[in-house]
Amino acid sequence: MSEKTAKWLRLDNSAKIFPMMADKQNQNLFNIFTRLTEDVDKEVLQRALEITIKRFPSMNVMLKRGVFWFYFEQHGGKPVVYDADPIVMKKIGSSNCGGFCFRISCYKNVIYADFFHAVTDGTGAAEFFKSLLFTYFTLKGYPVDGEQKVLTVGSPVNPREYEDSFLTNYKKKKIKDLTISSLKGKKSYRISGIRFDNAGKGVINMYTPAKQFVKVCREHNCTVTEMIGALFMLSVYETKIKPLNLPPQDIQLFVPINLRKIFPSITLRNFSLFSRIGVTATDDMTLESLTQLIHECLKRDTQKEMLSDKISTTVYAEKFLPMRILPLFFKRIIFKISNLFFGKNKKTATFSSVGVVSLPDSFRPYIKDLGFGITANNACPVTITAATAYDTMCINFTRKITDTEIEKRFARYLTDFGIDLKVTSNFWEVDEDAMQIL
Amino acid sequence: MRCKFCNVKVDCKTHICPLCHELITPEEGDENLTPAFPPKTEKCERKRHTHFTLPNIYLAVSFVIFIICLAVNLGLHQPTKWFLMVGAVLLYGFLTMRNTVMSNNSAWIKAFWQIVMISLILWLAQVVFDEVITVKFWLLDIALPIIIMLSVLTLGIISCAVVRKNKALLYDTLFLSLMGFVPIILYAFGLVHGVLFSAICAGFCAIVIVCVIIFARKEILEEMERRLHW
């Protein structure tokens, strides 16, 4: 890491927006969690974290407020392993995470890693998490090997790991050539339901054998992402729109796209854009038509030219002179007002398909399963994430509403296909007293 | 455990299905299941509903004090409305707690608001005790320059004391020192009538700025680069 970047880092293009949108209740967070085969040794995990963080300079930072933009300053302290909070993905603040933009916590045999999206995206977080697990297992004395799938503590830090890949892949264009319309969304159905009256969120994880799921996808001639997206859209329609006899509504899924697969980048910071997948929900919708639609949308939105245009547009917005010279205070006001009027109601849910998390085979005896989750908020009360580790796929639902109808319908689809499902929940919707009685 | 209604296996310690909330019965071999999530705790519930925070308690006590002072002041038909000063000081205490003590703002922003708040209190004192205070224009002529100098001096001493740990405070001192020129600017516009204290304040702050630049030029440039990057 060079002398200059050792002390502070600019936020990457995508990250700039997250601190501006954060408020007392909402913050763009996501988490990775893994269930180990035995209980977590918190002291060893603490040591592992202290060692691992040194390998990830882009994580070892604290968010600071500049005159024009937020920035990251190198953190001088040590991160702490916390006891997991019953409130899933609780807001990360300076008071409860020691100034870091992530939080590692554990409960019994589960390790949780919560990340503020400003510091990294799913890919970067997965790399950090794998490295943390590797160090933890090593300290525990387990015979593990990185198998070139883990950024081990001793490996050299490549400066490209903390570059802003948006800037490196940015092609200067004239404003008339920019595809601003591709970033706009249209009004869509917002999932209704009784919101939790506290900061908590309901979480349901569905674990399924990956091979079984892939087999079903092959039978339907689609990919895992297409299948999950289509089933989710159908579930939303059948549980939330159809029973209420609502007029035709647009269901829009917000699907992050990992740009590292398309552009040459090894950055551990944010490098993803999104695709909007929308359909007008009617009785004519079928699984086949939806998988076909998602296929076409993803194909369209993952074309290099298209993405290059989107990168140019977002970077242009950042480099736009009036935007640059506007003090941060006013920028935040403008972003919040524009989000209030134009940002909400533009998506029904966020669906992130992380794919296969490449873990070394030597971890297999110690890891039961692994999953991802994205925070839900009032604007987007349900999120869905799918990740596969070894032979198990984890489909995570995080929600801000009490009812579990969408999840129930989704599970019914999977079991009807003959897929074995294991389900866990934090039962946030169930009254604690009722749980005791039961 | 298996939910016969949803046809799924429930993989956590519970008696109800996570999806349909119907009762489920444990099967053989389920004893080893561990909870996948930390349970809701009473402490967590209580925390969410507590209103007994320090600012709230302070606010309640202040309100009582203010009402008593108001009643005494008006009840005794005293000509000076000193209850306003009591209210202002209590409000100052509350704002200091929220925006200075419990805030994450930069030191110079905290100091700036302190200067503004103290100046407003002094202005109110000038209005309330108009008949008692015989010196005219004392607020802008004397009090404001002194407050700024004291603020810069305090922040300067603190930043010197912790310079090894927190170099950012030097930048805050530099920024706050720029406020030292406010009284002399006000004098130029005819809002301040006596030049003495304004000139002393400007001179003092100029010396502080020069000292900071001489002794910590590198740190200041670094700090400015990161804070002013655009």
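Two residues count as in contact here if their C-beta atoms, placed from the backbone, lie within 7 Å. Helices (H or I, at least four residues) and strands (E, at least two) are DSSP runs, numbered from the N terminus. What you're looking at is a predicted model, where local features need pLDDT of at least 70 and side-chain atom pairs count only at pLDDT 80 or more, while totals for chains, interfaces and linings use all residues. Residues are numbered from 1 along each chain as its sequence is written, and chains are lettered from A and ligands numbered from 1 in the order in which they are written.

Let's start with chain A. It has 13 helices and 15 strands, and its C-alpha atoms fill a box of roughly 60 × 60 × 45 Å along the principal axes. Of the contacts in chain A with a separation of 6 or more, 76% link residues 24 or more positions apart.

Now for the sheet that runs across both chains. Two strands pair if DSSP finds at least two bridges between them. Nine strands form an open sheet with mixed pairing, in the order E10(A)-E9(A)-E11(A)-E13(A)-E14(A)-E8(A)-E15(A)-E2(B)-E1(B). At the edges sit strand E10 (272–281) of chain A and strand E1 (2–3) of chain B, each pairing on one side only. Two of the pairings look like this:

| Strand pair | Sense | Bridges | Facing residues |
|---|---|---|---|
| E8(A) and E14(A) | antiparallel | eight | A:Met206 and A:Ile395 |
| E15(A) and E2(B) | parallel | two | A:Val423 and B:Val10 |

Helices cover parts of this sheet. Angles run from 0 to 180 degrees between N-to-C directions, with axes as lines fitted to C-alpha atoms, for helices over the stretch in contact. Helix H12 (residues 405–416) of chain A lies across E8, E13, E14 and E15 of chain A plus E2 of chain B, at about 5 degrees to E8(A). Helix H8 (residues 287–301) of chain A lies across E9 and E10 of chain A, at about 150 degrees to E10(A).

The chain-chain contact takes 41 residues from chain A and 30 residues from chain B. On the chain A side, the elements giving two or more residues are E1, E8, H10, H12 and E15.

Over in chain B, the axes of helix H3 (residues 83–101) and helix H4 (residues 107–128) come within 10 Å and cross at roughly 175 degrees. That makes H3(B) roughly antiparallel to H4(B) (the label applies over 145 degrees). Among the residues that meet there are B:Leu84 and B:Tyr92 from H3(B), and B:Trp113 and B:Ile121 from H4(B).

Terms used. Parallel < 35°, antiparallel > 145°, perpendicular 65-115°, else oblique.
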